[in-house]
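Subject: Structure handover

Hello,

Please find the structure for your work below. My notes on it follow.

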Amino acid sequence: MPTESGSCSTARQAKQKRKSHSLSIRRTNSSEQERTGLPREMLEGQDSKLPPSVRNTLLELFGQIEREFENLYIENLELRRENDTLNERLAAEGQAIDGAELSKGQLKTKASHSTSQLSQKLKTTYKASTSKIVSSFKTTTSRAVCQLVKEYIGHRDGIWDVSVARTQPVVLGTASADHTALLWSIETGRCLVKYAGHVGSVNSIKFHPSEQLALTASGDQTTHIWRYAVQLPTPQPVTDTSQQICGDDEIECSDKDEPDVDGDVSSDCPTIRVPLTSLKSHQGVVIAADWLVGGKQAVTASWDRTANLYDVETSELVHCLTGHDQELTHCCTHPTQRLVVTSSRDTTFRLWDFRDPSIHSVNVFQGHTDTVTSAVFTVGDNVVSGSDDRTVKVWDLKNMRSPIATIRTDSAINRINVCVGQKIIALPHDNRQVRLFDMSGVRLARLPRSSRQGHRRMVCCSAWSEDHPVCNLFTCGFDRQAIGWNINIPALLQEK
């Protein structure tokens with residue numbers, strides 16, 4: 001009979017020693033102890049390499065775990081007894097109702113069948129209602145064509161405002177935090193003029209209604225009026241790489257996809273450094289400016305909580321519009337009447353009436369719960385206001401007690417713009433989306449945004465151009481670019 005080698009004997013002893021150590025810290029109840037024949041005192045008295053304090057702690061923890069399992073086991077037994085009692089009661093009630101004996105299995109089958117029918121009915125109703133909603137959105141957006149046409153890249157910082165000239169030649173203007181304003185050829189995307197007269201962020205740009213003049217508001221507490229003269233280049237035929245996409249299934253993209261705009265493409269275009277007129281009456285950042293109808297006066301809005309009305313020819317301050325409790329965020333003028341609307345961080349917007357030279361009335365409107373980022377006039381007697389409270393409200397000037405339509409969104413609203421002829425509202429959002437609604441609050445479309453097109457950061461402003469064969473919408477944002485879109489208006493309105 002072969003003898004056991006020294007190495008095998010040593011290994012067996014080590015294995016038995018480890019087994020005895022594992023048993024020394026094992027906690028069992030009384031029944032387990034009786035079954036194994038290892039009482040608690042024996043377990044605690046076995047040799048262990050662990051310090052006594054550590055071993056006692058482990059024993060106490062295992063005891064707590066054991067008690068928890070015991071409690072769960074007891075609760076489980078009680079629940080089983082209650083379940084059996086309920087089943088017997090249901091069987092008795094089912095027997096009384098049906099007038100015949102029903103076994104537990106038959107009753108359970110009947111209850112399961114009725115529950116299944118109810119669940120199926122709920123699922124069918126819910127599916128039908130949600131499918132109707134989803135299909136309505138898909139039908140609306142599938143026929144709409146929102147096509148990216150051109151990207152205008154050249155600024156070295158975020159773009160706050162975008163505007164379209166009202167006179168020929170029609171150019172695009174952008175105002176940027178890089179202290180410049182640029183004029184672009186809409187067709188070619190080429191920078192035509194660079195204005196570098198401000199020493200602060202250029203927050204707003206608006207074109208004169210009848211002359212080649214631009215009005216820019218800046219963080220340097222001034223508003224400049226400057227003249228430009230441009231000659232549009234001959235448009236070159238380009239291949240259309242964009243897709244006719246306008247739905248909610250776009251691929252999301254991150255800020256890493258931003259276009260590389262470190263090169264200053266505006267350095268080759270003519271630069272204007274001196275304004276014709278500088279309006280200097282504010283004590284804070286001038287956040288917005290606009291021309292009054294006729295172009296002989298201009299209104300500015302500032303963080304000093306005031307709006308100023310100036311005479312353009314003399315640069316004199318005509319009226320200082322006070323009343324807002326916090327910084328102003330925007331100002332807008334009526335296209336055909338001497339009306340001004342200003343919005344503020346105090347959650348209100350105000351309507352200033354200058355139609356009667358002897359009376360300058362003001363009306364305060366409180367319809368939002370957060371900063372009113374912009375309020376603009378539309379055709380007729382309507383005002384549209386947008387807010388950081390994620391709502392847009394349409395108001396009737398004849399009855400401003402309550403809005404005639406409310407649009408609720410999932411993100412804060414920035415400077416809105418209305419296509420006056422078609423009565424379509426463009427909503428730029430903090431979440432990089434741009435959505436289109438009609439005046440009654442019905443959503444028409446969302447501009448496509450994917451890894452290939454659309455804004456990569458917050459969209460600040462939008463502007464419509466209705467002088468082209470196809471209605472154009474221009475958007476700008478913190479990704480330092482402006483984008484031109486072709487909007488198929490008939491397709492948008494067809495599903496109304």
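Which residue in β8 is the bridge partner of Ala 217? The partner is Thr 223. Please note that the model is predicted.

**Sheet.** Strands β7 (residues 213-218) and β8 (residues 223-227) are paired antiparallel over 5 bridges. They belong to an open sheet of 4 strands, ordered β6-β7-β8-β10, with antiparallel pairing. Because β6 (202-207) and β10 (277-279) are at the edges with a single partner strand each, one side of each has no neighbour in the sheet. From one strand to the next, the twist averages 20°.

**Aromatic pairs.** The count is 8 aromatic pairs. One of them joins Tyr 152 and Trp 184, edge-to-face, at 5.9 Å centre to centre with 65° between the planes. Tyr 152 is in strand β1 (residues 146-153) and Trp 184 in strand β4 (residues 181-185), so this pair ties together parts 32 residues apart in sequence. Both residues, Tyr 152 and Trp 184, are buried.

Phe 207 and Tyr 228 have ring centres 5.8 Å apart and planes at 80°, so this pair is also edge-to-face. Phe 207 sits in strand β6 and Tyr 228 in the loop between β8 and β9 (271-272), so the parts tied together are 21 residues apart in sequence. Phe 207 and Tyr 228 are buried. Ring pairs also link these two with Tyr 195 and Trp 226 in a cluster.

**Cavities.** There are 2 cavities of 30 Å³ or more.

Regards

Methods:
Residues are numbered from 1 along each chain as its sequence is written. This is a predicted model: local features need pLDDT of at least 70, side-chain atom pairs count only at pLDDT 80 or more; totals for chains, interfaces and linings use all residues. Side-chain values use heavy atoms; hydrogens and water are left out. On a 1 Å grid over the protein atoms alone, a cavity is a set of points where a 1.4 Å probe fits but cannot get out, and a pocket is an open set with protein on both sides within 12 Å along at least five of seven lines; lining residues have an atom within 4 Å of a point. Grid points are joined across faces, edges and corners, and a volume is the space filled by probe spheres set on the points. Two strands pair if DSSP finds at least two bridges between them. Helices (H or I, at least four residues) and strands (E, at least two) are DSSP runs, numbered from the N terminus. Axes are lines fitted to C-alpha atoms, for helices over the stretch in contact, and angles run from 0 to 180 degrees between N-to-C directions. Rings of Phe, Tyr and Trp (its six-membered ring) pair if their centres lie within 6.5 Å; planes under 30 degrees apart count as stacked, over 60 as edge-to-face and the rest as tilted. Buried means under 20% relative accessible area, exposed over 50%, partly exposed in between (1.4 Å probe, protein chains only).
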